[in-house]
Amino acid sequence: MKLIITDIKDFNVPVEGEHKIISPQRDIHHCSGGFGCCVRTPGKCVIHDGYESTGSDLGKCTELILVSRCCYGSVSPFVKTVQDRAISYIHPDFVIRKGEMRHKRRYRNVIGLSFHLYGENITDTEKRTARTIAEANADNYDGFVKDVRFYGSIEELEGLVL
């Protein structure tokens, strides 16, 4: 399954195959950082606002696609908040991966991560930052970077098929 997280409320980019789209359809609360999602309700956020299943959704996907306005080389606040709320995807225990301490996987799936960032005048520095962040996200998810692309505007996404 493809899990698409986007800050575009009326997201209408065609998607091939089984997928779920998470977009700003209602207010989202920020992660409280209490790790209740890791120990009290494993795989599910303890905050009930319609976005509490994002961690378990990650556990069902093979591809995570972030479609977002580029904000200083990263994703928009909405997309980042959804990612933060998905912390229940990982296990609270640690392992050493690539010589660094990382959280252990909670699920068996391997995620291919794609970034599709749009915005006027995205600089080369922002592009390098986005690629670095994509790699860091992939390391944290114990997955891999599939694609990082940039678009000058939302309208440029019209020819895209995910």
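**View 1. The lining of the largest cavity holds six nonpolar residues, four polar and one charged.** Ala, Val, Leu, Ile, Met, Phe, Trp, Tyr, Cys and Pro count as nonpolar, Asp, Glu, Lys and Arg as charged, and the others, Gly among them, as polar. This is a predicted model: local features need pLDDT of at least 70, side-chain atom pairs count only at pLDDT 80 or more, and totals for chains, interfaces and linings use all residues. Residues are numbered from 1 along each chain as its sequence is written, and side-chain values use heavy atoms, without hydrogens and water. Among the lining residues are Cys31, Phe35, Cys45, Ile47 and Arg85. The cavity holds about 70 Å³ of space. A cavity is a set of points, on a 1 Å grid over the protein atoms alone, where a 1.4 Å probe fits but cannot get out; lining residues have an atom within 4 Å of a point. Grid points are joined across faces, edges and corners, and a volume is the space filled by probe spheres set on the points.

**View 2. The largest pocket has a volume of about 360 Å³.** A pocket is an open set of grid points with protein on both sides within 12 Å along at least five of seven lines. Its lining has 15 residues; Gln83, Asp84, Ile87, Asn140 and Tyr141 lie nearest the centre. H4 gives the most, with four residues. The lining divides into seven nonpolar, five polar and three charged residues.

**View 3. Leu58 is one of the residues that touch the most other members of the largest nonpolar core.** This core has 27 residues. A nonpolar core is a set of buried Ala, Val, Leu, Ile, Met, Phe, Trp, Tyr and Cys residues joined through side-chain atoms within 4.5 Å. Buried means under 20% relative accessible area, exposed over 50%, partly exposed in between (1.4 Å probe, protein chains only). Leaving aside neighbours within four places in sequence, Leu58 is in contact (heavy atoms within 4.5 Å) with residues including Leu3, Leu64, Tyr89 and Tyr141.

View 4. Cys61 is buried, at 0% relative accessible area.

Notes
Helices (H or I, at least four residues) and strands (E, at least two) are DSSP runs, numbered from the N terminus.
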